[in-house]
Amino acid sequence: MQLRAPAILLASRAHGETASIARLLTEEYGLVAGYVAGGRGRTLRPVLIPGNLVEADLRARSHSQLPFLKVELVESRGPWLSEPLTAAAIQWVCALTATALPERNPYPSLYSALGALLDALCNAPSARQWLPGLIGYESLLLRELGYGSDRPEVSDTLEDLLGAVQQLRGPLAQYLLADRRGDVMAARTMLEERLARMMT
């Protein structure tokens with residue numbers, strides 16, 4: 001197996017003393033994972049940030065082997081991680097996608113939608129501007145994986161938007177994250193808590 005493609009980095013975890021296992025979403029190949037030599041080093045650590053856009057180069061001798069992965073940074077989301085609300089939203093959508101999607105099944109509409117959502121998270125002047133994108137992405141993810149959730153109909157008031165976020169919590173937990181690691185929904189809880197502060 002050999003592929004080179006633009007990708008959205010979704011997750012990275014330590015492996016051994018210096019390496020990392022990274023999970024990425026590509027348009028053509030879907031969710032892929034790879035072994036990044038030196039992924040915990042000074043050079044690659046800033047590249048392996050969830051939400052970053054990268055150029056991924058994966059190589060494996062067989063389909064059963066975890067590919068070796070090389071990544072080149074295209075666009076960093078690092079500057080926005082100092083903003084608590086934006087950072088929580090990036091962490092949530094990346095963790096959700098990395099956990100819910102099966103590997104190596106292409107979902108081009110999800111790839112495009114996630115890229116647009118990450119752009120909105122980093123460039124919109126307030127949460128009111130990116131919350132419709134978050135609601136739309138979560139609804140699309142449920143539909144693409146066969147759970148047929150229609151996007152909640154909401155006005156652009158903050159109260160309605162936050163209500164729609166709460167409405168989607170149940171289907172996401174029940175259908176996409178059931179029997180999965182609890183820390184994924186913890187990321188959703190953190191986002192909801194930070195959004196709720198906007199109402200006080």
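## Aromatic pairs

The count of aromatic pairs in this predicted model comes to two. The rings of Y35 and F68 have centres 5.6 Å apart and planes at 85°, so this pair is edge-to-face. For that label, the planes must be over 60 degrees apart. Y35 sits in strand β3 (residues 30-36) and F68 in strand β5 (residues 68-75), so the pair ties together parts that are 33 residues apart in sequence.

How exposed are these two residues? Y35 has a relative accessibility of 26%, so it counts as partly exposed. F68 is at 49%, and therefore it also counts as partly exposed. The cut-off for exposed is over 50%.

The pair of Y147 and Y175 is stacked. Its centres are 4.8 Å apart, with 10° between the planes. Here too the pair links distant parts of the chain, 28 residues apart. Y147 is in the loop between α3 and α4, while Y175 belongs to helix α4 (158-176). Y147 counts as partly exposed, because its relative accessibility is 39%. Y175 has a relative accessible area of 38%, so it is partly exposed.

A pair of aromatic rings is described by two things: the distance of the centres and the angle of the planes.

Which way do helices α1 and α3 run relative to each other? Helix α1 covers residues 84-100, and helix α3 covers residues 127-144. Their axes come within 12 Å and cross at roughly 10°. That makes α1 roughly parallel to α3, because angles under 35 degrees count as roughly parallel.

On the α1 side, the contact is made by L85, A89, W92, V93, L96, T97 and A100. On the α3 side, the residues are A127, W130, L134, Y137, E138 and L141. What kinds of residue are these? Eleven are nonpolar, one is polar and one is charged.

## A residue in helix α2

D119 lies in helix α2. Its relative accessible area is 33%, so D119 is partly exposed. Which residues does D119 touch, leaving out those up to four places away in sequence? The answer is E75 and R77.

Now compare sequence and space. D119 and C94 are 25 residues apart in sequence. From C-alpha to C-alpha, D119 and C94 are 13 Å apart.

## Two loop residues

R104 lies in the loop between α1 and α2. Most residues other than glycine have a negative phi. R104 is partly exposed, because its relative accessible area is 30%.

L81 is in another loop, between β5 and α1. With a relative accessible area of 36%, L81 is partly exposed. L81 touches I49, A87 and I90, not counting residues up to four places away in sequence. I49 is 32 residues from L81 along the chain. The C-alpha atoms of L81 and I49 are separated by 9.6 Å.

## Confidence in the model

How confident is the predictor? The mean pLDDT of the chain is 92. Of its residues, 98% reach 70 or more.

Among the elements of the chain, helix α2 (residues 108-123) has the highest mean pLDDT, at 97. Helix α5 (residues 182-196) has the lowest, at 89. D119, described above, is part of helix α2.

Definitions and conventions:
Residues numbered from 1 in each chain as written. Predicted model: local features only at pLDDT ≥ 70, side-chain atom pairs only at ≥ 80, totals over all residues. Heavy atoms only, no water. Axes fitted to C-alpha atoms, helices over the stretch in contact; angles between N-to-C directions. Helix = DSSP H or I, 4+ residues; strand = E, 2+ residues; numbered from the N terminus. Parallel < 35°, antiparallel > 145°, perpendicular 65-115°, else oblique. Contact = heavy atoms within 4.5 Å. Nonpolar A, V, L, I, M, F, W, Y, C, P; charged D, E, K, R; others polar. pLDDT = per-residue confidence, 0-100. Phe/Tyr/Trp six-rings, centres within 6.5 Å; stacked < 30°, edge-to-face > 60°. Buried < 20%, exposed > 50% of the residue type's maximum accessible area, 1.4 Å probe, protein only.
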